[in-house]
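Let's take a look at a protein together, going from the whole fold down to a single side chain. Have the structure open while you read.

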Amino acid sequence: MAGSTRLVDVIQQRLDSFLDDRATELGAVSPDLDVIDAAARGLLAGGKRFRALFCYWGWQAVAARGDGFDLAADASGDLDAVVSVAAALEIFHAAALVHDDIMDNSDLRRGEPSLHRRFETLHRDRGWSGSSASYGTASALLLGDLLLGWSDGLFEQGLAHVDRDAAEASRAEFGRMRTEVMLGQYLDMLEEHSWRVRPEAELLGRAHRVVVYKSAKYSVEAPLALGASLAGGSLAQIAALREFGLPLGVAFQLRDDLLGVFGDPAVTGKPAGDDLREGKRTVLVTLARQKLPGSASRLVDELLGDPTLDADQIAMLQAAIRESGAVDQVEKIIAHNVEVALAALQNAPLARSARDELTTLADTVTRRQS
């Protein structure tokens, strides 16, 4: 996927340029804000850029442009628009990760201390007064909020290059995406705390609903629809991309759930079994509980969500989940959703080159190891 590899570089250049402008604003306020600039740059350096890629190929599926990623030669401004909007998605995603790490009390992100832990360490190392933990959490919350605002700013810069109808459709899509992912985050937290009082028969459906709203729509469907809206896509074109994007997004998150339990820390950048310590009531865990005998299921319930789980306890939970057959079932669900997604691309009213790239991207996001 050489074209997408090049696109990742263009997205990074746009982010760097945007952050350079923000650094000037921060410096004009106070030199103490250099830590904010450094933290934002650290969050936005590198990454897989899946949401940006889906946004671009959603746009390309409608625009059918074949002239590469040379912004200097972009006389119409169309490419500049989608690059800016795709970069805005990445800033929004960074904000969501900051807040997610606070809610999950995560120590690591991509193999490095999570942002609230970094601010906590800064407070402790400088010998400042008050609680280091409170300072870390509050600082990270504020930076997450700042990134949300910055994502809006870059998004609007992109819309300056498209006509009014495309801009209005794109704003509506962006707004819907933000609402859905925030609600999905709440539903995820709700399941962690309220599952005991829910009827057992409802738990799998509730876990699937979290998958859809916390990740599937936000990670794949919405970026595709947003890109297509920027290009002035028809209802049929946007519908085809949604029919592809939603099942692929479900598969994407189910792979993430497997990695959250069985992923290699050297690859994922997070501790082994992190989702188990956080008590995530995922589709994987829910299926395992349904399949396990009563005593084993009760042991899972007793251990899941304990942040002090040691390596042996993590290994015990991993073994129980695997032996239940839930891993194999989730793999089958992933394969089915990918099949449904790819079928939606067949004969869809979209550019052939984009359909080919989306087919490749579907394989990439559902077979990843991190």
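Among the contacts in this protein with a separation of 6 or more, 75% join residues 24 or more positions apart. Keep in mind that this is a predicted model. Its secondary structure comes to 16 helices and 2 strands. Of the 370 residues, 54% are buried.

How does the radius of gyration fit a compact globule? A compact globule with 370 residues would come out near 21 Å, and the protein has 21 Å, so the two agree.

Now for a pair of helices. Two packed helices are described by the angle between their axes and the distance between the axes. Here are the two partners:

| α9 | 235–262 | including Phe 244, Leu 248 and Leu 254 |
| α15 | 326–345 | including Val 330, Ile 334 and Val 338 |

Their axes come within 8 Å and cross at roughly 160°. Because angles over 145 degrees count that way, α9 is roughly antiparallel to α15. The crossing of α9 past α15 is left-handed. Sorted by class, their contact has 19 nonpolar, 1 polar and 3 charged residues.

Finally, zoom in on Phe 92, which sits in helix α4 (residues 78–104). Is Phe 92 buried or exposed? Its relative accessibility is 1%, so Phe 92 counts as buried. Leaving out residues up to four places away in sequence, Phe 92 touches Leu 148, Ser 151, Met 177, Arg 178, Val 181, Met 182 and Tyr 218.

Terms used. Residues numbered from 1 in each chain as written. Predicted model: local features only at pLDDT ≥ 70, side-chain atom pairs only at ≥ 80, totals over all residues. Heavy atoms only, no water. Axes fitted to C-alpha atoms, helices over the stretch in contact; angles between N-to-C directions. Helix = DSSP H or I, 4+ residues; strand = E, 2+ residues; numbered from the N terminus. Parallel < 35°, antiparallel > 145°, perpendicular 65-115°, else oblique. Left-handed = near helix turned anticlockwise from the far one by under 90°. Contact = heavy atoms within 4.5 Å. Nonpolar A, V, L, I, M, F, W, Y, C, P; charged D, E, K, R; others polar. Buried < 20%, exposed > 50% of the residue type's maximum accessible area, 1.4 Å probe, protein only. Rg over C-alpha atoms; globule rule 2.2 N^0.38 Å.
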